[in-house]
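Here are some notes to read beside the structure. Please keep the view open and find each element as it comes up.

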Amino acid sequence: MEQKCIISAFYNEFLSTDPESLKKSFARHLESSLAKDAYTATRLDLYTSLAYTVRDHLIDRWIATQQTYYNNDVKRVYYLSLEFLIGRVLGNNLVNLDFLDECHRAMHELGYDLEELVELEWDAGLGNGGLGRLAACFLDSMASLELPAYGYGIRYEYGIFLQKIIDGYQIETPDNWLRHGNPWEIERPEHLYTIQFHGWVNQYYDANGMLKNEWKDTQNVMAMAYDTPIPGYKNNTVNNLRLWSAKSTREFDLSYFNQGDYIKAVEDKQKTETISKVLYPNDNIYEGQELRLKQQFFFVSATLQDVIRRYKKTHTTFDHFADKVAIQLNDTHPSIAIPELMRLLLDIEGLPWEKSWEITVKTFGYTNHTILPEALEKWTINMLRNVLPRHLQIIYEINHRFLEEVARRYPGDAEKLRRMSLIEEDYGKRLRMAHLAIVGSHSVNGVAELHSEILKSHVFKDFYEFFPDKFNNKTNGIVPRRWLKKCNRSLAKLISKHIGDGWISNLDELKKLIPLSGDESLHAEWQEVKRENKVRLARFIQQTHGPDIDVNSIFDCHIKRIHEYKRQLLNILHVITLYNRIKKNPSGSVVPRTIIFSGKAAPGYYMAKLIIKLINSIAQMINTDSRISGKLKVVFLANYSVSLAELIIPATDISEQISTAGTEASGTGNMKFALNGALTIGTLDGANVEIRNEVGPENIFIFGHTAQEVEELKRRGYHPFDYYQQNQELVEVINMIASGFFSPSNKDLFKPITDSLLHHDQYLLFADYASYIRSQEQAGQTYQNQYEWTKKAILNVANMGKFSSDRTIQEYAKEIWDVKPVPITLKQE
């Protein structure tokens, strides 16, 4: 009884959320957890102490959540992703735990600025782009909807890379995001699994005459779990993100150590642990390809062993496995999980093939995120034979049985067999991972309506005809808590002032803004919020990158991974066009613009890195040209991250979503910008189509060829030089780049870009150039009428309800996973 009273007293004093209790907990952690006081504490110590204070409020919910799932033997979702771009955790947790304001007050009373402490947190290096950010949004929504779910991935020690811009070039440096530790994660050495590579397969018959397979003489790696709590919004659910770190099976080989060869003694340990060192190793070389395959298998094998361990706690057979386990593959990266689950069921658990395959297909769902052929992963058979010999046997058997089904359905159609085979044989044998994912899953979904239709009609047409019931669409979404309430607090408060705060958990509530869209008093408040956000971003740019930014200019933002299909180059062509027009008519009426780029290029992607150099070279020319002063600025913000996006998006007037129609699966940046009141200039690609349908064609600037028109143009034969010759402004722009105008010290520097455009133009920049320029002119003219612009901005926000990740996850839960909410009740003694 006395012990219960002590626990109760601890709970009341340290787990209350009033400012006084928060201050006491903060001081306790500073002293007891960090051995510091107010005089010796560094700013990092202050952040860490606050993080521990907030984490205390997660732990009891975390434990209660897992115990409730266990006690009720609920069906659970396991979301497998190679990326989780979670950003900074502290601010998001304060929003979801609903004591952000109390924490502000507590820190203020102690003499600290909460915003400054939040800024000390390093973005977790667990992802690169939209794939990882979507996974993070999904985890938040699953917890907020009280769904029993887990995220599984890799605890990358260095992330992708820290981007620096030196002399205009991208320079990659290590992203040592764990240098100062991570107060949000908890190490779980008790959850340690052996992961096997290489070796050979011994086939034999047992005493009962059954064929057995034994994977022998393998090189082993240990996977150790690190857990991060994921809280739902204003509920008691705290789900788990489990990340795997590679550890050596033993510290070092004592025989080498005893012989005095200390370097050799630890060499194997170092090689082993490279698996979880870096996100996306450069796969332009064999070693990089092998490491990437090992990374994928490493985390899915550990995950599946963990899932089976959890299932066997309450079940003695596998009869109900698919009734209790739903595994979602976030793109093709984790699809090696399909033969791995088969191996575990066949070789370890002793199930027959037919039963194992039935369980596997019922368990897995596959989300496709790309239609670009080069992004649909393929692994050489020789590499698989070397790294995963047992899995190659299983894959061959899956393919054999599948092609027998295809042959029965389409007798004599050898071409269809060739197209649908899991093994591509055109240019050396390679495993098509997307085909494996489709055959081995019960559900295959795209992430926007247009994307899903392209999958069915083109990319996976044969599979859709064979498995029509598998294919479905789940349009992506974003978390409104982070992407409005947290990152744009002033706008969130303004919206709640006028329509209440129900929109935070039900984004459709934003429609209540529609009748207010013409209210001039709301316009004035709306414009003031936008100006505050622009001032904040301009201050950041001036402090970190140098240029002074005119906050009265249009903030025209293009922030995303640098890739040719995302067409940052098309934006550059517009920038140069504006530059030329201003130079020719310096006294003409011009709507001032600040054009902001940000994004990383893959280290081995030469053309993308050259595009970054071109952007910076153009920026250098324009920003130092006195004739252009006050009319046009160009800025490239280095080291794009979630936190940087949270600063840029609220300040943006124009959102650039200009990929070639039919190339972007969905995009979620388009949703984030629109939710924060930016107007989109974009093609009818990805989710832009659905955004236009929701906000109305009059509230978005659409240009360019449609996906169908792109396909028809390419079918007829696309000749970019014809478009070039017919547009004098385009001729001038291309010739300036090609002649070295922006690279006087190396006139041929950007020739690869212009040569590619003139002779190939794979992504139809020239074909869409004139239409893009017209849309940009229309946007500029509209911006001059601030009443119309603000009304359109309000209507964009008001019609974003469809694009909540809560809606997306509800569809996954109902239509793919068949999981139900499980409310969590806390027992306070």
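Which residues point one way from E2, and which the other way? Ala-149, Gly-151 and Gly-153 point one way, Tyr-150, Tyr-152 and Ile-154 point the other way, and all are buried. Bear in mind throughout that this is a predicted model.

1. Strand E2. Parallel pairing links E1 and E2 over 4 bridges; here Tyr-79 has Gly-151 as its bridge partner in E2. Parallel pairing also links E2 to strand E9 (residues 238-247), over 5 bridges. In that pair, Gly-153 stands opposite Leu-243 of E9.

2. The sheet that holds E2. This is an open sheet of 9 strands with mixed pairing, and its order is E5-E8-E9-E2-E1-E10-E11-E15-E16. Strand E5 (186-197) and strand E16 (471-473) are the edge strands, each pairing on one side only. On average, neighbouring strands of this sheet are turned by 25° against each other, direction ignored.

3. Strand E11 (residues 364-367) runs parallel to strand E15 (residues 443-446), and 3 bridges join them. Thr-367 of this pair stands opposite Asn-445 in E15. Helix H12 (residues 337-348) lies across strand E1 (76-80), E5, strand E10 (325-330) and E11, and runs at about 170° to E11. Helix H18 (residues 449-459) lies across E15 and E16, at about 165° to E16.

4. The sheet of 6 strands. A further open sheet has the order E19-E18-E17-E20-E21-E22, with parallel pairing. Strand E19 (632-637) and strand E22 (701-702) stand at its edges with a single partner strand each, so one side of each has no neighbour in the sheet. Strand E17 (residues 554-559) and strand E18 (residues 593-598) pair in the parallel sense over 6 bridges, and Ile-554 stands opposite Arg-593 in E18. Helix H22 (residues 520-544) lies across E17, E18 and E19, and its angle to E19 is about 70°.

5. The hairpin of E6 and E7. Strand E6 (residues 200-205) and strand E7 (residues 211-216) run antiparallel and are joined by 6 bridges. Gln-203 has Asn-213 as its bridge partner in E7. The hairpin has 5 residues between the strands, and Gly-209 takes a positive phi near 80°.

6. Ala-302. This residue is found in helix H10 (residues 286-312). Is Ala-302 buried or exposed? Its relative accessibility is 0%, so Ala-302 counts as buried. Leaving aside residues up to four places away in sequence, Ala-302 touches Tyr-193, Ile-195, Ala-223 and Trp-244. The C-alpha atoms of Ala-302 and Val-819 are separated by 23 Å, while the two residues are 517 residues apart along the chain.

7. Salt bridges. The structure holds 61 of them. One joins Asp-140 and Arg-481, with the closest N and O atoms 3.0 Å apart. Asp-140 lies in helix H7 (residues 130-144) and Arg-481 in helix H20 (residues 480-486), so the pair ties together parts that are 341 residues apart in sequence. Asp-140 is buried at 5% relative accessible area, and Arg-481 is buried at 0%.

8. Further charged pairs. Arg-581 and Glu-777 meet through their side chains in a salt bridge (2.7 Å, N to O). Arg-581 lies in helix H23 (residues 568-584) and Glu-777 in helix H32 (residues 765-784), so parts that are 196 residues apart in sequence are tied together. Arg-581 counts as partly exposed at 30% relative accessibility, and Glu-777 counts as partly exposed at 33%. Elsewhere, salt bridges that share partners join Arg-188, Asp-227, Arg-242, Asp-306, Arg-309 and Arg-310 into one network.

9. A surface patch. Ile-166, Tyr-169 and Ile-171 form a nonpolar patch on the surface, and together they have about 250 Å² of accessible area. Tyr-169 lies in strand E4 (residues 169-173), and at 33% relative accessibility Tyr-169 counts as partly exposed.

Methods
Residues numbered from 1 in each chain as written. Heavy atoms only, no water. Pairing = 2+ DSSP bridges. Helix = DSSP H or I, 4+ residues; strand = E, 2+ residues; numbered from the N terminus. Contact = heavy atoms within 4.5 Å. Axes fitted to C-alpha atoms, helices over the stretch in contact; angles between N-to-C directions. Patch = residues over 30% accessible without salt bridge, like charges linked within 9 Å, V, L, I, M, F, W, Y side chains within 5 Å. Areas by Shrake-Rupley, 256 points an atom, 1.4 Å probe, with all protein chains shown as cover. Salt bridge = Lys/Arg side-chain N within 4 Å of Asp/Glu carboxyl O. Buried < 20%, exposed > 50% of the residue type's maximum accessible area, 1.4 Å probe, protein only.
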